[in-house]
Amino acid sequence: MELYKKNSDTENVKGLSFLRTVFLILSLFSISFPVSAYMVKYKEDFYRLYHVHYQQYPDDCIENIYWLEKAVQADFANPLYADAKITTKEQWEKYRYLFMMHLNLKLIEQHLRLGRTYDKKVANFYDAPWKEEYLRNLDKAKSCYSAGLYYWQEASLWAEKADTKGFDFLYITDLQDWEDERERIKTGELDYGKTLNRELTRVQKVIDSFVAMDSKSY
């Protein structure tokens, strides 16, 4: 399975720097986010704090990235408290793989949403007076898309683990959407790698257009 096309691991790590800074700030002020009365400890708990707004602003995306990252880092709850009915060790194993795949897919979605808030599709000649501001925003968009490639690698690996022969004819019926995601990754119907690389290529062209502007451009 091809996980990367153009971006090296070094570029992906560099692309995460902007989001890591945001994550650190949120960690310091996480008490400002509304949480349930019970202790938030396990993956399932943090995942329930993730939510998509009808109109999603940058702060909403950043908050969701925070909760999803916390979910990735946390331990799983006991199978009795899983987000699906688990009765066998095989189901428990596949459940964990699907969960990790799904978390990384949601992280990609949020990075795409966040990146698009800073993105600019075209560098028009009349945008020249605001060249530097556009370049700063485009760099943030590029960082978001680059970070998404890291999560695509992770999602692809977990999807592959959940699709081994040992899991033939074993489906977590309570998580049909996640099973569908796994199958779509397997067939190539879902390929965020193509999407993210396409966006990165386009953003770089827009950046190059802005960099080429001078005092005579407007």
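The model is predicted: local features need pLDDT of at least 70, side-chain atom pairs count only at pLDDT 80 or more, and totals for chains, interfaces and linings use all residues. Residues are numbered from 1 along each chain as its sequence is written, and side-chain values use heavy atoms, with hydrogens and water left out. The protein chain has eight helices and zero strands.

**Fold and surface**

- Along the sequence the pattern of the protein chain reads α-α-α-α-α-α-α-α; helices (H or I, at least four residues) and strands (E, at least two) are DSSP runs, numbered from the N terminus.
- The protein chain has 218 residues, of which 48% count as buried; buried means under 20% relative accessible area, exposed over 50%, and partly exposed in between (1.4 Å probe, protein chains only).
- Where contacts in the protein chain join residues at least 6 apart in sequence, 81% of them join residues at least 24 apart; a contact means heavy atoms within 4.5 Å.

**Gly115**

- Gly115 is a residue of helix 5 (residues 89–118), and Gly115 is buried at a relative accessible area of 0%.
- Apart from neighbours within four places in sequence, Gly115 contacts Ala141, Cys144 and Tyr145.
- Gly115 and Gly148 are 33 residues apart along the chain, and their C-alpha atoms are separated by 9.7 Å.

**Cysteines**

- A disulfide is a pair of cysteine sulfur atoms within 2.5 Å, and by this rule the count is zero.
- Cys61 is in no disulfide, and the nearest cysteine sulfur to it, that of Cys144, is 8.6 Å away.
- Seen from Cys144, the closest cysteine sulfur is in Cys61, and the 8.6 Å between them is too far for a bond.
- Cys61 is buried, with a relative accessible area of 0%, and Cys144 also counts as buried, at 0% relative accessibility.

**Phe169**

- Phe169 lies in the loop between helix 6 (131–161) and helix 7 (176–187).
- The phi angle of Phe169 is near 65°, which is a positive value in a residue other than glycine.
- Phe169 is exposed, with a relative accessible area of 77%.
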